[in-house]
Amino acid sequence: MAEIRPFRAIRPREGYEDKIAALPYDVVSLAEAGRIVGKEPLSFLAVDLPETVAKEGENIYEKAGRLLRDRIAQGYFVQDELPGFYVYELSSDQRSQTGIGALTCVDDYLQGTICRHENTRADKEADRVCHVQACGAQTGPIFLAYRAREEISQIVAQIRESQPPIYDFVREDQVRHRLWVVQDVEDIEAVFEAFSSVSRFYIADGHHRCSAAVTCALNKRRENPDYTGEEPWNFILSVLFPDEELKILDYNRVVRDKNGLTTKQLLAQTSRHFTVEFSGREPIAPAQKGIFGMYVEGGWYRLYSRQEDQSQDPVEGLDVAFLQKYLLEPVLGIADPRMDKRIFFVGGNKGVKELEYLVQKEGGVAFSLCPTSLKELFAVADAGRLMPPKSTWFEPKLLSGLLIHGLEE
């Protein structure tokens with residue numbers, strides 16, 4: 001069974017939460033982060049992306065560590081005196097999802113009880129390892145999913161009804177964030193008991209942060225061969241959500257050129273494995289598996305995957321895998337989408353009109369996809385397999401800086 005632990009979170013002093021909390025470092029560009037920090041110097045992006053405030057020649061990781069420690073010393077953050085869990089709700093006009101902030105175990109990740117579905121890039125993981133080590137803390141939670149349990153939902157509802165949240169604020173994107181601290185002994189025991197029936201957790205978002213936390217722990221274990229397993233660095237800052245409340249958005253593709261092909265040649269080669277229909281200028285946002293939108297030279301085409309090419313394999317059967325196998329690689333020459341700079345990815349939160357803008361700006365061709373389902377994600381992870389890169393986009397995003405896990409003993 002997967003294990004969770006309460007912890008003493010470092011978190012914003014009440015009244016500063018909406019100034020400090022920020023989107024994760026990996027969903028904003030450096031330029032955008034710089035603008036945000038310029039408007040709000042307390043934004044946690046200054047810690048997560050210290051390049052926004054570091055002077056020329058200054059070590060960015062040392063800068064992040066100093067900045068975090070200074071802000072704690074200045075009273076912008078507090079640390080709870082007692083260990084607890086944290087109920088974290090994100091809501092908008094359309095939907096709501098509520099998770100439990102807790103620590104999960106490095107050993108559960110190593111043993112496969114915390115399941116991943118993506119590969120990580122060594123350079124991105126190394127960046128977060130350096131950041132964690134310099135800060136002496138994990139500053140952004142891992143977004144984990146689990147198969148919903150009624151008993152957990154009932155406990156979460158009871159906690160939300162029995163006390164007011166310590167944080168309650170709405171960001172510019174109109175997502176409301178509320179956080180409750182759970183320190184009552186009976187409530188903590190009830191959460192423990194409810195989660196005892198959950199056999200696996202699934203990484204929804206935060207593979208690089210999770211992998212970096214594990215790498216830091218393994219480094220510490222080598223340095224401390226007599227470790228007990230209870231040291232703070234043996235645990236991973238996490239927020240756990242029931243699958244029934246989560247929604248995966250589409251994760252679309254833009255290729256900067258047509259690989260030397262004319263549009264006529266591109267359509268001819270595409271038709272080898274797709275039925276191609278011209279749809280005019282109306283954007284296509286596929287809502288059914290096996291259907292794709294393609295935008296090129298000012299027009300949209302609807303692509304239907306052919307039945308004889310479809311697969312029941314949990315990975316090969318994904319739409320993102322089908323597009324890669326039958327179009328992106330053989331037609332457009334994208335052999336490794338993780339490394340090829342000719343392709344980039346657009347989260348579904350931006351809408352398919354963004355694809356039109358990017359093609360008009362960059363040239364090339366764009367593809368809109370039906371979102372991968374949670375059922376597909378679980379099937380891939382349960383099989384011990386990995387999805388193609390950029391297969392899922394979860395929205396809304398957990399904010400960084402609201403819950404911090406200090407690693408100092």
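Helices (H or I, at least four residues) and strands (E, at least two) are DSSP runs, numbered from the N terminus. The model is predicted, so that local features need pLDDT of at least 70 and side-chain atom pairs count only at pLDDT 80 or more, while totals for chains, interfaces and linings use all residues. Residues are numbered from 1 along each chain as its sequence is written, and side-chain values use heavy atoms, with hydrogens and water left out.

**View 1. Leu-374 in helix H13.** Leu-374 is found in helix H13, which runs over residues 374–382. Because its relative accessibility is 13%, Leu-374 counts as buried, a term that means under 20% relative accessible area, with exposed meaning over 50% and partly exposed lying in between (1.4 Å probe, protein chains only). When residues up to four places away in sequence are not counted, Leu-374 touches Asp-243, Leu-246, Ile-248 and Phe-394, where a contact means heavy atoms within 4.5 Å. Asn-119 is 255 residues from Leu-374 in sequence, and the two are 18 Å apart in space, C-alpha to C-alpha.

**View 2. The buried side of H13 and the residue that follows.** Along with Leu-374, the buried residues of H13 are Glu-376, Leu-377, Phe-378, Val-380 and Ala-381. Their cover includes strand E6 (114–115), E8, E11, strand E13 (248–249) and strand E20 (393–394). Just after H13, Gly-384 takes a positive phi of about 70 degrees.

View 3. Helix H9 has 17 residues (207–223), which at 1.5 Å a residue should span 24 Å, and its end C-alpha atoms are 24 Å apart, so the two values agree; the expected span is 1.5 Å times one less than the number of residues. Among the buried residues of H9 are His-207, His-208, Arg-209, Cys-210 and Arg-221. The buried residues of H9 pack against helices H5 (106–110) and H6 (122–135), and also against strands E7 (137–138), E8 (142–146), E11 (201–205) and E12 (235–242).

**View 4. The protein chain around these helices.** The secondary structure of the chain comes to 13 helices and 21 strands. The radius of gyration of the chain is 22 Å, close to the 22 Å that the globule rule gives for 409 residues, so the chain is as compact as a globular protein of that length; the radius is taken over C-alpha atoms, and the rule is 2.2 Å times the number of residues to the power 0.38. Buried residues make up 53% of the 409 residues.
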